[in-house]
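Subject: Structure for you to look at

Hello,

Here is the structure I said I would pass on. Please open it first and then read the notes below it.

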Amino acid sequence: MKKILDTDKTGVSIIAFGAYLPDSHIEEFRQRANSNIRRIVGGLMLTDAIPSITYHLYPDVETKLAETGEDANGHVDRETGDIFIVYNGTVKCDGPHELVHLLTKHLGYSNLVLGEGLAEYFEENWNGEESDGSRLRLPHDDWVRRFIADGSYIPICALFDDNEFWELDEEGMVSYPESASFFRYLVVTYGMERMLNLYSSFGRRAPEGVPYERFEEHLGISVEQAEIDWLNFLHCP
Ligand SMILES: [Zn+2]
């Protein structure tokens, strides 16, 4: 059941497809979205006008799949400015992640590690899953330390190949927080400007192959060595 909750005056509209968002929470939702937009604009040094954005909220991934044909918890349409997210008591994908995908249209697509790494860079925590199925919010770096400790760590070098990314981790519960932590380390070490140049220098499933050489051209270090440096930075053995 489609219900238009609010049409915009500040550039953010919200449509709830049966997702629970009471009237009293709408203003807060919009303020959060606008504050995330401001952070992203500042962090990525964006100068273009921000497009109007419409949020489509679904109570669960099944409803979202039925309505949109996409079974991820969140996705965007960069052409129309639409953000489609699952929004319920446990999963609320209204953070910066999807906004980053939307607001980086001018950068094109990068490979999945950098693409999801950049989108997660503005999120403070990853909403992960414990082995008993319960959810837990922790910083990306802490998740990486846990993956190393429990043996579920997936080498970034392998994830760097877009053809392997989903093969190695169907749900993205390891690859996403790892990509985010890796991306943050690279920004701290090499600066956001260089990272954005690197980001836009290769596309999704780059036809010339896995962009290991491009990485080295831009940062002067191999992906392999950067991965070792990053894990040292996190104090991981
Ligand atoms: Zn994403």
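Glu124 counts as exposed because 11 other C-beta atoms lie within 10 Å of its own; the cut-offs are 12 or fewer for exposed, 20 or more for buried and anything in between for partly exposed, with C-beta atoms placed from the backbone. Two notes on reading these values. This is a predicted model, in which local features need pLDDT of at least 70 and side-chain atom pairs count only at pLDDT 80 or more, while totals for chains, interfaces and linings use all residues. Residues are numbered from 1 along each chain as its sequence is written.

Glu124 and its surroundings

Glu124 sits in the loop between H4 and strand E6 (126-129). Helices (H or I, at least four residues) and strands (E, at least two) are DSSP runs, numbered from the N terminus. His140 comes 16 residues away from Glu124 along the chain, and their C-alpha atoms are separated by 7.7 Å. Pro139 belongs to the loop between strand E7 (135-138) and helix H5 (140-150). Apart from neighbours within four places in sequence, Pro139 is in contact with Glu124 and Asn125, where contact means that the C-beta atoms, placed from the backbone, lie within 7 Å. Pro139 is partly exposed, because 16 other C-beta atoms are within 10 Å.

Two domains

The domain assignment gives domain 1 (2-107) and domain 2 (112-233); such bounds come from an automatic or database assignment. Their C-alpha centres are 24 Å apart. Twelve residues of domain 1 are in contact with ten residues of domain 2. On the domain 1 side, H1 and helix H3 (96-103) are the elements that give two or more residues, and H3 gives the most, with four. By class, that side has five nonpolar, six polar and one charged residues. Here Ala, Val, Leu, Ile, Met, Phe, Trp, Tyr, Cys and Pro count as nonpolar, Asp, Glu, Lys and Arg as charged, and the others, Gly among them, as polar.

The core

Which residues touch the most other members of the largest nonpolar core? They are Leu57, Ile85 and Tyr87, out of 51 residues. This core lies between domain 1 and domain 2, because both give residues to it. A nonpolar core is a set of buried Ala, Val, Leu, Ile, Met, Phe, Trp, Tyr and Cys residues joined through C-beta atoms within 7 Å. Beyond its neighbours within four places in sequence, Leu57 has contacts that include Ile14, Phe17, Ile85 and Tyr87.

A helix pair

Helix H4 (residues 112-121) packs against helix H8 (residues 175-190) at an angle of about 80 degrees, with the axes 7 Å apart. Axes are lines fitted to C-alpha atoms, for helices over the stretch in contact, and angles run from 0 to 180 degrees between N-to-C directions. H4 and H8 are therefore roughly perpendicular (65 to 115 degrees; under 35 is roughly parallel, over 145 roughly antiparallel, the rest oblique). Among the residues that meet are Val113 and Leu118 in H4, and Phe182 and Val187 in H8.

Positive phi

Met45 has a phi near 55 degrees, positive although the residue is not glycine. Met45 lies in the loop between helix H1 (23-43) and strand E3 (53-58).

Regards

Methods
Contact = placed C-beta atoms within 7 Å.
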